Amino acid sequence: MAPQYGPRLVVPIDVKKKPREQKVPLHNRWHPDIPPVAEAVVGEVFRVEMMDFSGGGITKEYTADDIKHAEPFVNI
């Protein structure tokens, strides 16, 4: 395994999978009943990978007009 350089990756994603299919399940908000998926210490520099609001539903084929009229919910 190659050594890791740069900040520690605490939330990796696979852009080919939907949020519910990720190794670490993704969610779109904080809520006290949703358990944390990672922890960091004060002052630690870390990385978090993310998906857009559509959960990967918006592709490079979308136009600005398509996005303007997209449904405002997560495509889980």
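Guide: What follows is a walk through the chain as a whole, then a loop and its partners.

Let's start with how to read the picture. This is a predicted model, where local features need pLDDT of at least 70 and side-chain atom pairs count only at pLDDT 80 or more, while totals for chains, interfaces and linings use all residues. Residues are numbered from 1 along each chain as its sequence is written, and side-chain values use heavy atoms, leaving out hydrogens and water. The score pLDDT is the predictor's confidence in each residue, from 0 to 100. Here the chain averages 82, and 89% of the residues score at least 70. Where pLDDT is low, the predicted coordinates should not be read in detail.

Now the outline. The protein chain has 1 helix and 2 strands, in the order β-β-α along the sequence. These elements are DSSP runs numbered from the N terminus: helices are H or I with at least four residues, strands are E with at least two. Mean confidence is lowest in α1, at 88, and highest in β2, at 91.

Our spot is the loop between β1 (8-11) and β2, and glutamine 22 lies in it. Is this residue buried or exposed? Glutamine 22 counts as buried because its relative accessibility is 7%; buried means under 20% relative accessible area, exposed over 50%, and partly exposed in between, using a 1.4 Å probe and protein chains only. Of the 76 residues in the chain, 13% count as buried. The side chain of glutamine 22 reaches the backbone nitrogen of aspartate 14 at 2.7 Å. Leaving aside residues up to four places away in sequence, glutamine 22 touches Pro12, Ile13, Asp14, Lys17 and Met51; a contact means heavy atoms within 4.5 Å.

Follow that last partner. Methionine 51 sits in the loop between β2 and α1 (64-68). With residues up to four places away again set aside, the neighbours of methionine 51 include Gln22, Asp14, Pro19 and Leu26. Methionine 51 and aspartate 14 are 37 residues apart along the chain, with their C-alpha atoms separated by 9.3 Å. Looking at the chain as a whole, among contacts with a separation of 6 or more, 60% come from residues 24 or more positions apart.

Side chains of opposite charge can pair when their charged atoms come close. Glutamate 44 and arginine 8 meet in a salt bridge at 2.8 Å, N to O. This pair links distant parts of the chain, since glutamate 44 is in the loop between β1 and β2 and arginine 8 is in strand β1, 36 residues apart. A salt bridge here is a side-chain nitrogen of Lys or Arg within 4 Å of a carboxyl oxygen of Asp or Glu. Glutamate 44 is partly exposed because its relative accessible area is 24%, and arginine 8 counts as partly exposed too, at 35%. The count by this rule is 2 salt bridges; arginine 47 and glutamate 49 also form one, with their closest N and O atoms 3.9 Å apart.

How values were computed: Polar contact = N/O pair within 3.5 Å; in protein donor to acceptor, adjacent residues only side chain to side chain.
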